[in-house]
Amino acid sequence: MTRKVELKDHQREIYFFRLRLFLGLGFVAVMLFILLLRFFYLQVIRHDYFETMAESNRIYVVPIVPNRGVITDRNGIVLARNYSGYTLEVTPEKVPDMEAAIAEIGKLVEIKPKDLRRFKKLMSERRSLQTLPIRTRLSDDEVARFAAQRYRFPGVEIKARLFREYPFTDVTSHLLGYIGRINQQEIDELEEQEQATNYMGSDYIGKTGIEQRYEKEMHGITGFEQVEVDAGGRAVRMLSRTSPQSGKNLTLTLDAKLQEIAVQAFGDYRGALIAIDPNNGEVLAYVSKPGYDPNLFIDGIDSESWDALNNSPDVPLNNRALRGQYPMGSTIKPFMALAGLHYKTRTPGYSIGDPGYYTLQGSRHQYRDWKVGGHGRVDMFKSIQVSCDTYYYGLAIELGIDRMHDFLEQFGFGKKTGIDLEGEVSGLLPSTAWKMKRYQQVWYAGDTVSAGIGQGYHLVTPLQLAFATATLANDGVAYRPHLVKEIQHAANEVQTQPQPLFTLDIPPEDLDLVKRAMVAVTQPGGTAVGASMGASYSIAGKTGTAQVIGMKQGEKYNANKISEYNRDHAWFIAFAPADKPRIALAVLGENGGHGGSVAAPIARKVLDYYLLGKVPTPLKKSDVKPGVEID
Amino acid sequence: MNLRQIKQRFMLHLDPVLLYGLGALMFVSLVLLYSASDGSWMRILGQVVNILVAFTALWIVANMPLHWLMRIAVPMYVAGMALLIGVALFGDISHGARRWLNIGVATIQPSELMKIAVPLMMAWYFEKHEATLTWRNHFIAAVLLAMPVALIVRQPDLGTSILIAASGFYVLFLAGLSWRVMGALFVGALASAPFAWGMLHDYQRHRIMMLFDPSQDALGKGYHTIQGMIAVGSGGFLGKGYLNGTQTHLDFLPERTTDFIFAVYSEEFGFLGNLILLGIYIFIIGRGFIITANASTYFTRLMAGSITLTFFTYTFVNMGMVSGILPVVGVPLPLLSYGGTSMLTLMLGFGVLMSIHTHQRLVKT
């Protein structure tokens, strides 16, 4: 009985064991199938993804920064160049104790307080894992000293780099601008323009001026080296290399020597000067005084220098030529005369008797001429020669502000010239519609009277005035002012020649009259007496004075009594030789008083050098007597 | 004895079918180690020595009659437990874990011994009570299993404890542990998971967390998993070719001669290579099942089944962890990974399998 049960149990037991074993086999099969699916998923379905991961694991792309294009003037004089030098750079993440590290480095390499201030400013603006220069332009000696002690400074390294340099410093600052370290906003912009890859290794970008406007051309195309690295980040071998393409060199229309002379001619005056070749719009000189040293900005300016520039009453950072807006004063008169002829409100021979003031009908308010007692009989020629205000008060009233607006607009007033620089402002050319829109006020006749001599709402930039003068000089054929003459190109590429921007339909006899009158301005009897004294060529010009503060009725302007910054601005526009102009310019002497005494001599020096190659002596403020009462 | 007789005697208790499978894996191991170690002949020589030592042990065990095995079960288990307690009290700490015991002449790792001793002890216990098995016997067997596992988890050594727990569970399962108890155990395990979580060491928790999202710590704890998956995935269908694995040869793969050797294989030989390798493992496991099914006694059936299923578990856990479906628990790939201890333990297991197969064949004939 017992035995029978045991036997039965034994068979059952074998049966159950085999069942269990079979279940185990099933378990193994299921699990192996799961593994197989996993392999299939990783190695077949997601293979591309993991392949990319493996590649990015092992391949580092090292950008090779292209050389930035060099800027030269029209004669090949270098205005912005690159030189190679050594910097001491710090990766802040890798330096545990910055203060101590800097103190130790200071024992090997001189670190001036200025370097330290600049470094701290960079620290506050930096992107992560960026290396920051703590010292630039290391001497060979310093490089050797630091290199020997390198091991003591993790995260600090010497880098050989190309540096940007502007040899003319403040002379060309406002037109060249400068490059500086790329900030977050610029990174975002680059990403939007899909340029981020091209800037992978670049630390600098054009911030202002030509450097900014021609960034794309001058930056070049970044090259790349694919390097195989191991898990420790050590380069094992180079896989491929795409060479960088250097940025294109720029040739400016600027004449560096002329520019230098123009800047020197200002002496210690503030102001602006634009000289243009009227035959093609090439800008020959572009001055905004005072300038600044753009080299300070490249690696981040230290806060002390920045404060000095930013808080100076002379506002050296203001690009006056492009962004300064001033009343054009009497320089409006040649253009007003052309308007009078155009609308037939004046004939050349028509003359007025000037009592020294102008009154509107039904009003006793006297609009004074600059000359007490007046100029006597004044026709159009004389009105320009002696800059008779009374003549233009009447002309303005007869033209009306809207016709003035329409005529002057043709010369580009109230509009940007479209020069190849960023940040140009458009000035202001008033009209009844403008005043209504701006102030919700009707236009008064009195507004028109002062507008007739370039005062009131009307504002121009020195660049605009130079452009209008060039257009006048070139008999109404206008070329867009531009600073870049040529972008480096392959031999087979054809550079386009500048085409006229527009051509004004002005009768030759009108132009002839105005130009002759402008020549007379620079000769005895004119307001810029002496501007052409001793010149072997003829100069056409016009003076102007832009009021900074208004005068009360009956009050007398006395320059000695007003603070320097409230004195009138001096204008002088000119072109020469008068019969076949090769250069046209506008000069603004800020707070310089009368145009004939300050601005005209500056213009003369520029013309002398450009036309005759004559190098002048600089002007001193003490040479000019302020408060001369002529316009 | 002439040469033929020597050969015959030598092969008497060996199973040629199993030997083909094991030999194939060892061959793959040597070929792979050459690549994984960047051509280090020292590594290969070391592995050859490991193979020779392990094979000798296999031969000796295979020639042991079955009743010898039964006789050493209890002393081996008791000695193993004593050593484990010794480790817990006086063990040497290395890499943050207390796994080694210095017994004067050498430093030993008792948990390795337990990989054989635990299933042996349990199979012996079931054999003893074969006629009158009740749930009480299952419970006592489970306690015999739980004690060493608990000690090894505390060392901590998650990989070894999982393998020992698995080998013991297979014995229980094959001995007919009731489905209701297994269900209850499963529910209990789930319920106690939070407590178990609390028992785990930080690094063990990290490894488990990493499984769910390795990328959250790509350079830290998740690095092993991510680099393993990249190696496997980038291998593609045909692989990058022998000696051409970039993950391997540029040092991105950690532990590539030991726990992660499968990533090296996968990267260089691809999905197709994996199919072939799995084929070899299935071949060995299949042979193990056949031996188990034909085993004549209760003890040998349980022992053979446990050894076979544990071998499979080894393989699955390692491949699963390298391909990112299991946490990184530090289990080598059987017979492929470099290492003498795991090689020895595994070959001892196969020695037992061969002994079971050949001795009962002798009995039958």
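A residue is termed buried if 20 or more other C-beta atoms lie within 10 Å of its own, exposed if 12 or fewer, and partly exposed in between, with C-beta atoms placed from the backbone. The model is predicted: local features need pLDDT of at least 70 and side-chain atom pairs count only at pLDDT 80 or more, whereas totals for chains, interfaces and linings use all residues. Residues are numbered from 1 along each chain as its sequence is written, and chains are lettered from A and ligands numbered from 1 in the order in which they are written.

In a regular strand the side chains alternate between the two faces of the sheet. Strand β21 of chain A covers residues 569–576, and eight of its eight residues are buried. Helices (H or I, at least four residues) and strands (E, at least two) are DSSP runs, numbered from the N terminus.

Two strands are said to pair if DSSP finds at least two bridges between them. Strand β20 of chain A (residues 540–546) pairs with β21(A) in the antiparallel sense over seven bridges; A:W571 in β21(A) is the bridge partner of A:G544. Strand β22 of chain A (residues 583–589) also runs antiparallel to β21(A), joined to it by seven bridges, and A:A584 in β22(A) stands opposite A:F575. Six residues lie between β21(A) and β22(A), which form a hairpin.

The text now turns to the two chains together. In chain A, 32 residues are in contact with 35 residues of chain B, contact meaning that the C-beta atoms, placed from the backbone, lie within 7 Å. On the side of chain A that touches chain B, α1 (2–45) and α2 (47–58) of chain A each supply at least two residues, and α1(A) gives the most, with 19 residues.

Within chain B, the axes of helix α2 (residues 16–36) and helix α3 (residues 41–62) come within 9 Å and cross at roughly 160°. Axes here are lines fitted to C-alpha atoms, for helices over the stretch in contact, and angles run from 0 to 180 degrees between N-to-C directions. α2(B) is therefore roughly antiparallel to α3(B), a term for angles over 145 degrees. Where do α2(B) and α3(B) meet? B:M26, B:S29, B:L30, B:L33 and B:Y34 in α2(B) meet B:R43, B:I44, B:Q47 and B:I51 in α3(B).

Conventions
Two residues are in contact if their C-beta atoms, placed from the backbone, lie within 7 Å. Angles under 35 degrees count as roughly parallel, over 145 as roughly antiparallel, 65 to 115 as roughly perpendicular and the rest as oblique.
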